Amino acid sequence: MAEVLILNPADTVAVLTARAAAGADPLGLGAPLPAPLAAGHKIARIAMAPGDRVVKFGQIIGLATQPIAAGEHVHSHNCAFSDHDRAYAVGADLAQAEAAVPEMAPQNFLGYARADGRVGTRNMIALCATVNCSATVIRHAAQELLAEGALAAFPNVDGIAAFAHGTGCGMAATGRGADHLERVLWGTATHPNVGATIFVGLGCEVMQLARMQARFGEAGSERFHGLSIQEMGGTRATIEKIKAEVRRLLPQVNAITRTPCPVSALTIGLQCGGSDGFSGITANPALGVASDMIVAQGGTVILSETPEIHGAEQLLLRRTTPEVAERLTACLDWWEDYTAQGGGSMDNNPSPGNKQGGITTILEKSLGAVAKAGATPLRAYYDYAEQVTAKGLVYMDTPGYDPVSATGQIAGGAQLVVFTTGRGSAFGSKPAPTIKIATSDRLFAAMPEDMDLNAGDVLSGVSLAEKGAEIYAAILRVASGEVTKSEAQGLGDNEFLPWQVGAVM
């Protein structure tokens with residue numbers, strides 16, 4: 001008999017923890033499977049009629065669309081998205097969430113203490129394009145400097161990163177799209193993981209450095225410099241000027257060293273991508289335990305990916321204040337309008353890969369995704385790429401698309417990203433490194449050069465508390481300089497992707 005997992009006594013489905021062969025009867029109900037079924041998929045514990053609620057995690061994940069026999073495979077062929085309860089009990093679990101903050105003695109990691117009081121987990125030089133027209137020059141300059149061994153004599157400099165993107169002109173000079181790009185560029189340039197920044201523009205674009213300076217003031221501006229291709233005399237001349245400026249800055253950036261810094265200085269971005277039927281059972285709740293530990297130390301964790309909390313928002317709203325709840329629900333309303341205007345719906349997610357991995361509806365995916373946030377109170381809400389200043393668990397509005405979401409979190413101040421994946425991901429990020437956690441033993445074995453940690457052993461007896469402590473320890477090691485798998489492979493340049501909203505003109 002294939003192994004099955006029942007997550008809550010109220011569940012009407014069980015989850016396969018191993019592949020079931022054709023003819024197998026996973027629940028011993030006298031209902032042999034007509035075809036093989038992969039691990040992570042669901043089996044009906046009881047018979048269900050059309051319209052009956054399908055329950056997993058003790059929560060509704062959809063409605064039966066046809067008669068489902070006990071022991072039958074439950075998936076998109078017989079279960080569909082349904083609207084969820086919107087009678088939110090805001091704050092009902094706030095006291096319980098306050099009590100969920102664990103007690104821990106203060107701990108340190110080895111970080112780069114900046115003059116503004118923030119702490120870096122990396123010490124990089126950033127080359128930021130204000131517009132797509134300057135993307136090539138910054139990429140070539142970074143590549144040539146590294147090929148020439150420019151960092152060899154500067155052991156405290158962790159890298160030179162080119163932050164290129166596809167916009168900055170042909171866009172409205174005001175409005176949400178401009179706000180997003182300005183916040184991303186400024187947040188990257190003044191990030192605690194960045195020791196110095198060179199902004200590079202064409203010269204005539206919409207997104208002007210002077211305008212950003214006027215908006216954001218002088219905070220952090222002592223660490224950046226600006227130039228334009230038109231003023232420098234063209235492409236090759238600009239590349240040489242960038243290289244010369246980097247070489248001038250290297251001794252200054254190298255002058256800082258790692259020192260003991262409190263974990264309270266950390267801000268962690270929480271991400272999941274390529275999810276499967278185990279994401280909400282192993283890696284995500286284990287990351288939730290680690291999130292609670294960061295919060296207990298006085299640090300910050302950022303939950304995001306708004307389309308992927310749809311249907312599970314009540315779990316957050318029950319442990320927050322009316323003020324934060326109002327902003328989060330308004331954000332969800334905006335997303336429903338936004339997707340409808342584009343001819344879609346919030347249930348366009350899960351992706352085909354998610355469904356192949358056993359996730360049936362966005363309600364099911366969201367319930368697993370929210371587990372990354374742990375059990376502590378939701379303290380604050382932030383717009384995309386807005387600077388995060390609150391401590392504890394906070395929410396930032398972002399799309400579910402991983403590069404766009406992580407770009408916003410990092411621009412908001414996250415010095416490190418933790419990314420869970422069930423199907424497998426080759427994601428990486430700069431200037432904040434990404435730790436990737438596999439949801440299953442199979443994935444960890446299949447992608448050893450991409451996965452930093454394995455949460456699959458939760459299925460074979462390792463407790464979520466133990467796995468969460470392991471993730472927390474890895475966060476402190478990486479924050480102190482341990483190189484992640486994605487860093488070792490050079491990932492992160494192409495994953496810088498600001499959220500583009502509005503007309504392209």
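This is a predicted model: local features need pLDDT of at least 70, side-chain atom pairs count only at pLDDT 80 or more; totals for chains, interfaces and linings use all residues.
**Entry 1: helix 14**

I started with helix 14, which covers residues 464-479. I wanted to know how its length fits with its residue count. It has 16 residues, and at 1.5 Å a residue these should span 22 Å. I looked up the end C-alpha atoms and they are 22 Å apart, so the two agree.

Next I asked which residues of helix 14 are buried. My list reads Lys 467, Gly 468, Ile 471, Tyr 472, Ala 474, Ile 475, Leu 476, Val 478 and Ala 479. A reminder to myself: an α-helix has 3.6 residues a turn, so residues three or four places apart point the same way.

What covers those buried residues? The cover includes helix 7 (283-296) and several strands, among them strand 8 (108-113), strand 15 (267-272) and strand 19 (416-421). Strand 20 (434-438) and strand 21 (453-454) are part of the cover too.

I also checked what comes just after helix 14, and there Gly 481 has a positive phi of about 125°.

**Entry 2: strand 16**

Then I moved to strand 16, residues 300-303. In a regular strand the side chains alternate between the two faces of the sheet.

Who are the partners of strand 16? Strand 15 runs parallel to it, joined by 3 bridges, with Ile 268 opposite Val 301. Between these two strands the chain passes through helix 7, and this β-α-β crossover is right-handed.

Strand 18 (residues 392-396) also pairs with strand 16 in the parallel sense, over 4 bridges. There I found Leu 303 opposite Tyr 395.

Notes: Residues are numbered from 1 along each chain as its sequence is written. Side-chain values use heavy atoms; hydrogens and water are left out. The expected span of a helix is 1.5 Å times one less than its number of residues. Buried means under 20% relative accessible area, exposed over 50%, partly exposed in between (1.4 Å probe, protein chains only). Contact means heavy atoms within 4.5 Å. Two strands pair if DSSP finds at least two bridges between them. A crossover is right-handed if, with the strands pointing away from the viewer, the path from the first strand over the helix to the second runs clockwise.
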